[in-house]
Amino acid sequence: GSVNENQRPSNSYNGDLNGLLVPDPLGSGDGPALAKPVHRSISLGALQEKQVICLSGDDSSTCLVISAKDVEIVASSDSSITSKARGSNKVKIQPVARYDWEQKYYYGNLIAVSNSYLAYAIRAASNGSAMVRVLSVSTGERTLLKGFTGGVADLAFAHLNSNQLACLDEAGNLFVWRLAMDKEKIQEEILVNIKRPDNTPLNTFRRIIWCPFIPDDNEESGEEGSQTLALLHEDRAEVWDLDIIRTNNSSWPVEVPDIKEGFIVVKGHSTCLSEGALSPDGTVLATASHDGFVKFWQIYIEGQDEPRCLHEWKPHDGRPLSCLLFCDNHKKQDPEVPFWRFLITGAGQNRELKMWCTVSWTCLQTVRFSPDIFSSVNILPSLKVCLDLSAEYLILSDVQRKVLYVMELMQNQEEGKAYFSSISEFLLTHPVLSFGIQAVSRCRLRHTEVLPAEEENDSLSVEGAQGSGAVESAAGVLIKLFCVHTKALQDVQIRFQPLHSPDTSASMPSHSSHEEFAFPDHMADMSTEGLGSEKESVHGSQPDLRRIADLPVPADFLSLSNDVKPKLMTPDAFMTPSTSLQQVITDQHCYSDTRDGGGFWHFWTCFPAIAVSPGSSVSSLTAVTAMSSTSVTDASLPRASEDLTVSPKMQLDTSLTLSSSSSSLQTSPRSHSVLIPGLPDKLTPKAPVPV
């Protein structure tokens with residue numbers, strides 16, 4: 001994992017980037033001590049050499065500990081596209097729009113997310129021309145952006161609070177719009193439109209890389225942020241200063257040959273570039289390529305100097321690279337802490353990830369993802385990855401599987417250590433092709449269940465509610481995503497308890513009840529892209545599709561006022577359970593019962609967190625979890641153990657825990673009292689009351 005000393009730059013450069021442009025105080029033995037860490041100051045102990053983690057698909061054992069330098073993570077059989085396994089009850093889903101995306105690995109982004117808008121790439125149903133749909137999160141208003149050549153290769157907002165959206169098409173044409181609301185309509189203003197020659201070949205290997213925006217303490221919104229971005233075109237990169245381009249041009253589009261200043265071209269790779277990153281001050285560009293090299297370039301757009309390669313190396317022994325992520329806190333940066341101290345690289349569509357220290361250029365950890373060992377079809381994982389703004393959680397989706405992974409990232413700048421400390425698996429109903437992170441915040445969990453919205457504003461103490469009715473609660477994490485899968489765009493919320501409990505005094509925001517649902521009530525319906533009159537419309541209100549007229553509504557939902565946010569559905573709500581269920585409604589739970597051919601009665605229950613979406617089918621209310629006909633008590637429900645790293649369904653003869661010094665596997669006895677994975681703890685339902 002380490003790199004030869006002769007591959008390091010021979011000279012030290014002045015600047016702000018640790019390991020690249022500043023001397024190494026540890027290596028030289030003098031100079032000031034390293035600055036205090038941005039993240040939680042946790043002493044990171046020594047890691048084992050090897051570890052194998054077999055994911056189970058079992059919702060009761062979400063968070064699995066990673067404790068080795070070389071880790072193999074084996075996909076669960078339940079995550080297979082052909083599996084009939086239930087989705088995770090820790091994932092809540094709200095459909096936003098229906099559209100058929102082709103299932104394949106997209107090198108760019110299909111969706112861009114900001115706090116005010118969503119933007120996602122589609123094609124017109126009439127002629128297949130590429131378009132970008134923009135939705136207002138607050139009002140549900142929408143508009144279409146057109147004018148692309150070929151497909152949309154990539155799109156991205158400048159940062160989470162920005163209203164500037166950049167889009168790059170397959171011909172390399174750049175569009176930058178400023179979005180604004182005027183009289184309840186989305187108005188788009190073209191800020192920059194750079195056009196390539198007409199004979200430019202179409203290519204999907206094009207990316208947009210904005211210069212990261214990190215707010216100051218006295219900066220409230222920072223809507224503008226940096227006006228520097230990098231474009232990756234095949235084997236070259238371009239860095240553009242949009243302020244200079246706008247100052248020198250007043251009408252759009254502008255042909256590339258007509259632009260004399262405001263950009264710089266970076267060449268030095270032999271094949272297509274796959275990923276890149278700009279330093280916060282815009283003076284250093286890092287590029288990753290399919291030729292296996294990562295290179296760092298010093299750039300000055302306004303000067304005449306040619307880009308200078310500061311450092312290059314092959315992090316994955318020459319394999320094509322697909323990921324380049326610097327582990328910096330972009331929510332709130334300590335000015336004393338250097339940027340780019342730790343780096344995550346990925347190869348082979350991110351089947352292999354490595355954590356690097358940029359001071360010593362050594363590999364701190366390697367994580368490999370493998371297909372299910374019991375599957376007859378060997379389908380390799382194809383992973384899309386994204387790091388949250390605080391650099392504490394890496395979220396991954398597998399284009400070949402119905403699953404999302406969340407990996408915890410631990411850093412200690414003083415010790416020069418960083419590694420992934422845990423992985424959590426969340427089963428879905430469809431594979432996610434592209435996603436964007438909207439927020440990561442703290443929330444409260446009751447055992448394995450999510451607390452009701454009205455209790456979210458209470459304190460995060462483990463004591464929970466006061467008095468004789470007190471229940472245990474724990475600090476958890478809420479991750480809000482917008483995910484594109486093959487049939488729809490969805491608002492996805494994951495709530496779980498990570499390995500390291502969130503620090504209640506940290507800067508991570510807490511989750512309050514008014515954030516329960518990102519969209520207003522009128523956006524709870526799914527819209528269908530490319531159908532009917534929408535093919536050519538630019539502005540329009542959200543249509544109501546497939547409304548259910550004759551569905552009996554439980555009494556719980558009749559009392560909801562218009563300003564109450566709808567509850568979100570679990571992935572199971574998109575499955576189709578038995579239609580013969582005869583429902584009995586109570587004030588807290590919805591019970592149903594059926595009799596099978598053998599004369600036995602089976603009892604089922606679904607919980608208030610599962611509600612009907614106007615865009616979903618009637619069966620949305622009948623997502624069920626099996627209950628024993630006998631009384632359910634604490635003693636009859638086993639607690640999930642984080643030591644388990646393989647599913648009981650595998651039925652191995654011995655128990656599977658991770659050896660402390662090797663990758664050997666052991667098993668634990670199968671628990672006969674588990675009815676269905678994901679059954680909530682300490683469930684004491686009330687007696688059914690017919691309506």
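This is a predicted model: local features need pLDDT of at least 70, side-chain atom pairs count only at pLDDT 80 or more; totals for chains, interfaces and linings use all residues.
In the hairpin of strand 10 and strand 11, four residues sit between the strands, and G172 takes a positive phi near 90° there. Residues are numbered from 1 along each chain as its sequence is written, and side-chain values use heavy atoms, leaving out hydrogens and water.

**The whole chain**

- You'll find three helices and 39 strands in the chain; these are DSSP runs numbered from the N terminus, with helices being H or I of at least four residues and strands being E of at least two.
- Of the chain's 691 residues, 55% count as buried (buried means under 20% relative accessible area, exposed over 50%, partly exposed in between, with a 1.4 Å probe and protein chains only).
- Take the contacts in the chain with a separation of 6 or more: 63% of them are between residues 24 or more positions apart (contact means heavy atoms within 4.5 Å).
- The chain's accessible surface comes to about 29,500 Å², and 50% of that belongs to carbon and sulfur atoms (areas come from the Shrake-Rupley method with a 1.4 Å probe; for residues, only the protein chains shown count as cover).

- Strand 10 (residues 164-169) has six of its six residues buried, so the rest of the structure largely encloses it.
- Q164, A166 and L168 point one way from strand 10, while L165, C167 and D169 point the other way, and all are buried.
- Strand 9 (residues 152-157) pairs with strand 10 in the antiparallel sense over five bridges (two strands pair if DSSP finds at least two bridges between them).
- Within that pairing, A156 stands opposite A166 in strand 10, and the hairpin from strand 9 to strand 10 goes through six residues.
- Over towards strand 11 (residues 174-182), five bridges join strand 10 to an antiparallel partner, and F175 in strand 11 is the bridge partner of C167.

**The sheet 18-19-20-21**

- Four strands make up this open sheet, in the order 18-19-20-21, with antiparallel pairing.
- Its edge strands are strand 18 (273-278) and strand 21 (308-313), each of which pairs on one side only.
- The twist from one strand to the next averages 20° (axes are lines fitted to C-alpha atoms, for helices over the stretch in contact, and angles run from 0 to 180 degrees between N-to-C directions).
- Strand 20 (residues 294-298) is joined to strand 21 by five bridges and runs antiparallel to it; F296 stands opposite H311 in strand 21.
- S289 has its place in strand 19 (residues 284-289), and S289 is buried, with a relative accessible area of 0%.
- Leaving out residues up to four places away in sequence, S289 touches H269, T271, C272, L273, S274, P320 and L321.
- The side chain of S289 also reaches the backbone nitrogen of D291 at 3.1 Å.

**The sheet 2-29-28-27-26**

- Here five strands form an open sheet in the order 2-29-28-27-26, and the pairing is antiparallel.
- Strand 2 (63-65) and strand 26 (383-387) are the edge strands, each pairing on one side only.
- Neighbouring strands in this sheet are turned by 25° against each other on average, direction ignored.
- Strand 26 is linked to strand 27 (residues 393-398) by five bridges, and the two run antiparallel; C386 has I395 in strand 27 as its bridge partner.

**Nonpolar cores**

- The largest nonpolar core has 34 residues, and those with the most contacts inside it are M355, F369, Y405, M407, F420 and I423 (a core is a set of buried Ala, Val, Leu, Ile, Met, Phe, Trp, Tyr and Cys residues joined through side-chain atoms within 4.5 Å).
- Beyond residues up to four places away in sequence, F369 touches I73, N350, R351, L353, P381, L383, L396, Y405, M407 and I423.
- Another core, of 22 residues, lies apart from that one and has V113, Y120, L144 and F482 among its members.

**A look at E238**

- E238 lies in strand 15 (residues 236-241) and is buried, with a relative accessible area of 3%.
- The side chains of E238 and R196 are joined by a polar contact of 2.6 Å (a pair of N or O atoms within 3.5 Å; within protein, one must be able to donate a hydrogen and the other to accept it, and residues adjacent in sequence count only if both atoms are side-chain atoms).
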